[in-house]
Amino acid sequence: MLTRRHLRIKVLQALYAYFINNDIKLSIAEKNMTQSAERIYELAIYQLSFIVEIVKFAAKRIEENKKKFYPTEDDLNPNTKFVDNLFIAKLTENRDYKKRKNEYKINWIDHEEIIRRCYNDLRANDLYINYMTAGKQNFEDDKQLILKVFTNLLVDNESLEYIYEEKSVYWANDIDLANYCVVRIISSINAQDDSLAKLPTLYNTEGKDDPDEDKNYMIRLFHKAILHSKSYEKLIEEKASNWDFNRITLMDVILLKMGLAELIEFPTIPVKVTLNEIIELAKLYSTPKSRVFINGILDKMSACLLYTSDAADDLLCVDLGGRRIIKKKKTQQ
């Protein structure tokens, strides 16, 4: 489910935390990174469960209105299209969803006020009004409503984000990734699915012989950026000859180390992909001028890069000019 860009973001966050805390052990830093990634799924299930709670609240409100001292015709014969939403019924019957919800011990008992506010906001929205007055109910329309409700009303909800931040220190920076996962999970559920259908996994396994390929990629990129940190710094200093290394921002240095680690250690990833992805991360997480600087440095390095391998007596010459040709040489004494 998570893309390689998402995994690079997790590596970037973990590297930043590692380099500003020199006392942390590599094993602990790796554990923190993988736990942070895995809890993205938990946050996604929280988001899905909140949508379910809104539907439950609507059903509860219908029953309460029927018991009014002077109920109206609408109270006695309500439009139940929303509470009978076919997608929500499919989701709540899904064993994988129920299992995860129970494992995460999710409940919204103490947050009825925010559920009520979101329900009232939904009722006033044209999405809901048009849906409730539309024709015959069908699964695809119900699914599209839930998707639109989520993306238009629940994404960037400050009250929800505050609740999540209180639950986990990891979630302050992961809400966007979790929201992406929610959209993927909603999109994956179809009318013909039975209760045993599996929800998408956190790491993308499609077309991969090794289901742990993406997770291992994330861990290896993290390790290599740290283990070769000093040698990468020397390379950066050489190519940034017009810059004082100590004046380069930490984020830019980390992005350059990530770029170098991927260029060197992952020969199956096209050079252009690595360069483009690091530049995109620079746009998101560093200064406005960083992308130009980082692009220039990595472009120079990608032409011809020398680095010392794990075997101290070997020097690897890596031609990265569109192809990867690796030659081994004995280290000159």
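Modeller: Start with Tyr164, which is buried, with a relative accessible area of 1%. Buried means under 20% relative accessible area, exposed means over 50%, and partly exposed is in between (1.4 Å probe, protein chains only). Trp171 is buried too, at 2%.

A word on the basis. This is a predicted model, where local features need pLDDT of at least 70, side-chain atom pairs count only at pLDDT 80 or more, and totals for chains, interfaces and linings use all residues. Residues are numbered from 1 along each chain as its sequence is written, and side-chain values use heavy atoms, with hydrogens and water left out.

Now the rings. Rings of Phe, Tyr and Trp (its six-membered ring) pair if their centres lie within 6.5 Å; planes under 30 degrees apart count as stacked, over 60 as edge-to-face and the rest as tilted. The count by this rule is 13 aromatic pairs. Tyr18 has 18% relative accessibility, so Tyr18 counts as buried. Tyr164 and Trp171 also pair: their centres are 6.1 Å apart and their planes are at 85°, so this pair is edge-to-face. Ring pairs extend the picture, linking Tyr46, Phe50, Trp108, Tyr164 and Trp171 into a cluster.

Charges meet rings as well. A charge sits over a ring if NZ of Lys or CZ of Arg is within 6 Å of the ring centre and within 35 degrees of the ring normal. Lys81 has its charged end over the ring of Tyr131, 4.5 Å from the centre. Arg220 does this with Phe266, at 4.8 Å.

Next, charge against charge. A salt bridge is a side-chain nitrogen of Lys or Arg within 4 Å of a carboxyl oxygen of Asp or Glu. Helices (H or I, at least four residues) and strands (E, at least two) are DSSP runs, numbered from the N terminus. The whole structure holds 20 salt bridges. One of them joins the side chains of Glu277 and Arg8 (3.5 Å, N to O). Glu277 lies in helix H14 (residues 271-285) and Arg8 in helix H1 (residues 4-20), so the pair ties together parts 269 residues apart in sequence. Glu277 is buried at 13%, and Arg8 is buried at 2%.

Lys10 and Asp174 form a salt bridge too (2.9 Å, N to O). Lys10 is in helix H1 and Asp174 in the loop between helix H9 (158-167) and helix H10 (175-188), so this pair ties together parts 164 residues apart in sequence. Both Lys10 and Asp174 are buried.

Within helix H5, Asp96 and Arg100 are four residues apart, about one helical turn. Their side chains meet in a salt bridge (3.3 Å, N to O). Asp96 is buried at 10%, and Arg100 is buried at 19%. Elsewhere, salt bridges that share partners join Arg4, Lys208, Glu213 and Asp214 into one network.

Last, the cysteines. A disulfide is a pair of cysteine sulfur atoms within 2.5 Å. The structure holds zero disulfides. Cys118 is buried at 8%, and Cys181 is buried at 0%.
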